Amino acid sequence: MTNVDATLKACLEIDGATAAALVDYESGMSLGQVGGGALDLDVAAAGNTDVVRAKLRTMQRLGLSEQIEDILITLGTQIHLIRLIQSQSGQGLFLYLVLKKDSSNLAMARRQLTILERDLAI
């Protein structure tokens, strides 16, 4: 098991990663973050919280009982990946990862984020 800081640091080691955060989607607050540069990760955490909440509401209205694994947002030069934490201790949290589109492998990034999420100790 790894702690939040170690997990976020490992997120930045994923090919093409430029930023990562662990976010509480109940409050919209970031519990930790790394990287980002010009990207304001506090704004991103709050905005992506709205995305997660909207998708959860939609799934409830549709009567879908499955869990969200991840949400993918593709931009011109970036990929934003939101991975909902599946563990009991991570309920209400998601990992947010920003990748450079031209230097990342989405399938590999999703796999690595899944492994990091599984090993995260909150």
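**Exercise 1. Work out how many helices and strands the chain has, and in which order they run.**

Start with the count: three helices and five strands. Here helices (H or I, at least four residues) and strands (E, at least two) are DSSP runs, numbered from the N terminus. Then walk along from the N terminus, and you get α-β-β-α-β-β-β-α.

A quick note on the model: it is predicted, so local features need pLDDT of at least 70 and side-chain atom pairs pLDDT 80 or more, while totals for chains, interfaces and linings use all residues. Residues are numbered from 1 along each chain as its sequence is written, and side-chain values use heavy atoms, leaving out hydrogens and water.

**Exercise 2. Find the largest nonpolar core and say which elements build it.**

First, the term: a nonpolar core is a set of buried Ala, Val, Leu, Ile, Met, Phe, Trp, Tyr and Cys residues joined through side-chain atoms within 4.5 Å, and buried means under 20% relative accessible area (1.4 Å probe, protein chains only).

Next, the members: this core has 19 residues, and Leu8, Cys11 and Leu22 are among those with the most contacts inside it. Two or more residues each come from α1 (4–12), β1 (17–24), β4 (78–84), β5 (93–100) and α3 (106–119). β5 gives the largest share, four residues.

Last, look elsewhere: another core lies apart from it, with 16 residues including Ala19 and Ile68.

**Exercise 3. List some residues that Leu22 touches.**

Skip residues up to four places away in sequence; the partners then include Val4, Leu8, Met29, Phe94 and Ile122. Contact means heavy atoms within 4.5 Å.

How values were computed:
Buried means under 20% relative accessible area, exposed over 50%, partly exposed in between (1.4 Å probe, protein chains only).
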